[in-house]
Each structure stands twice: as C-alpha cells, then as structure tokens.
Amino acid sequence: MTDDTSTGSVTDSSFPEPVETRETTPLTEKLEAILLIIDEPLGLVALAAAVGAPVPAVRQAIETLVDDYDGNGHGPRRGFELREVGGGWRLYVRDDHDALVADFVGGQAPARLSQAALETLAVIAYKQPVTRSQVASIRAVNVDSVVRTLLARGLVTELFADSETGAINYGTTDALLQNLGINSLDELPPISPLLDDGADGFDEGTIR
C-alpha cells in the first residue's frame, strides 16, 4: 500500500484497475465448432443464428475458412474442405482422400443401393416431377418396391398428387444432393451422351 502525498489519497497496487470485458473469440472459430458437429449442411441464416452474428459477417467468415482450408492463406491445404451443398455449408473429406477414408471405414460403410434402385433414382432425378408409372415405363419394369426403398432412405419424396388421376408425383430431396456432393440438380451431367437408346425419355431441360 502506498501513500500518494501529492493528492492525499491512498492506493493499493495489489488490486488491478477494472477492465471492460468483451467477446474475443473469432467468428471463424465459432463457425468451425458448429461445422464440426453438424450432420447436414446449414445455410448462412442458420449458421448466423447458431453463432449469434449477422449474416454478412458469417458469409465473409465462411469465405475466409474456405480459402484457409484450400491453402490460399498462410497455411497448407487441408485434407478436408468447406463445401456448399444443398443450399448449406458442411465440412467434407476432399475427393483426393476418398479411397483412403473408404479403406479406413471399411465394413462400417452403409449398405449401397442396388443397381435397380440407382437406375430408378436416376430417372426420378432427371425427370422429376414424375409418377411411378412413368418411371416404370422408362425402365420397363415394376418400380413400386424400389420407390418405397428410396422413400425410406429419404432420397426421394412425394411432391404432389395429379389433380386428374390422383397419381403421386415424386422428386429428389436435399439428401441426394448431399450424398452426391452437389449444390443443385443443374450440376448433374447431361444424360443423353451416356445413353445408347431411350434418349427421348430424358429431353433437354427436364431438370428442374
């Protein structure tokens, strides 16, 4: 304790002067914490709500993280990337390491879709909205059980019922975009060059 004779006051140097507290955690760190635990992509609005920040600031922070992970900053490129998929953002393993991760995961990988399910899913993806009878006509087989499988997997959904026939029209879900790692159906490859016949069933401009 010291005596300030010039002012006549007594001060105690053992007690520091109070300082104003404020939030010091960078926004990028908060976003990383959320991105590490989410199971599906989150849009900018949802991310902004999660970290309590304005959407423009979150957008800028996302761009910073993308550049950082891609090695455009001061550090090296990471083995993962921040990708916009299905209208939201999520961390993904880079394509370069797919084989490595697949070998590591091994038998824990989920069961793959059958060839029939993949073909039916492709028809729905390119022709949606489309009914089961239309899909069956294109594939020339009954697709009832396959469509039920795709519905159970959450890859397709019932869009609406035809006003005249009552037939259910089906379309794909965001889960398909997430599994394919694309942002919209517009990113699907053109189907006609892949077909030897039946190209009339996939007219240009049918992707919606």
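How many residues lie between strand 3 and strand 4 in their hairpin, and which glycine in the turn has a positive phi? Two residues lie between the strands, and glycine 86 has a positive phi of about 60 degrees. Before the close-ups, a word on the model: it is predicted, so to speak of local features a pLDDT of at least 70 is needed, side-chain atom pairs count only at pLDDT 80 or more, and totals for chains, interfaces and linings use all residues. Residues are numbered from 1 along each chain as its sequence is written, and side-chain values use heavy atoms, with hydrogens and water left out.

**View 1. The protein chain as a whole.**
Eight helices and seven strands make up the secondary structure of the protein chain; helices (H or I, at least four residues) and strands (E, at least two) are DSSP runs numbered from the N terminus. Of the 208 residues, 28% are buried, where buried means under 20% relative accessible area, exposed means over 50%, and partly exposed lies in between (1.4 Å probe, protein chains only). The chain exposes about 13,800 Å², and carbon and sulfur atoms supply 51% of that area; areas follow the Shrake-Rupley method with a 1.4 Å probe, and for residues only the protein chains shown count as cover. Among contacts (heavy atoms within 4.5 Å) with a separation of 6 or more, 46% join residues 24 or more positions apart.

**View 2**
Look for glutamate 84, whose bridge partner in strand 4 is tryptophan 89. Strand 4 covers residues 88-93 and includes valine 93.

**View 2. A nonpolar patch that includes valine 93.**
Val93, Leu100 and Val101 make a nonpolar surface patch of about 230 Å². Patches are made of residues with over 30% relative accessible area and no salt bridge, joining like charges within 9 Å and nonpolar side chains (Val, Leu, Ile, Met, Phe, Trp, Tyr) within 5 Å. Valine 93 itself is partly exposed, at a relative accessible area of 34%.

The whole structure holds eight salt bridges, each a side-chain nitrogen of Lys or Arg within 4 Å of a carboxyl oxygen of Asp or Glu. Five residues, Asp70, Glu81, Arg83, Arg94 and Asp95, are linked in a network of them. Aspartate 70 is partly exposed at 29% relative accessibility, whereas arginine 94 is buried at 6%. Arginine 83 and glutamate 81 also meet in a salt bridge (2.8 Å, N to O), and both residues are buried.

**View 3. Aspartate 68 and arginine 78.**
In this salt bridge the closest N and O atoms are 3.2 Å apart. Aspartate 68 belongs to helix 3 and arginine 78 to the loop between helix 3 and strand 3 (80-85), so the pair ties together parts that are 10 residues apart in sequence. Both ends count as partly exposed: aspartate 68 at 24% relative accessibility and arginine 78 at 28%.

**View 4. The largest nonpolar core.**
This core has 21 residues, and Leu113, Leu121, Ile124, Val135, Leu150, Leu155 and Leu188 touch the most other members. A nonpolar core is a set of buried Ala, Val, Leu, Ile, Met, Phe, Trp, Tyr and Cys residues joined through side-chain atoms within 4.5 Å. Helix 5 (115-127), helix 7 (144-153) and helix 8 (174-180) each supply at least two of its residues, and helix 5 gives the most, with six. Isoleucine 124 touches Val130, Val135, Leu150, Val156, Tyr170, Gly171 and Thr172, leaving aside residues up to four places away in sequence. Another core, of 17 residues, lies apart from this one and includes Ile34, Leu35, Ala61 and Tyr69.

Strand 5 pairs with strand 7 (residues 168-172) over two bridges, and valine 130 stands opposite tyrosine 170 in strand 7.

Note on methods
Two strands pair if DSSP finds at least two bridges between them.
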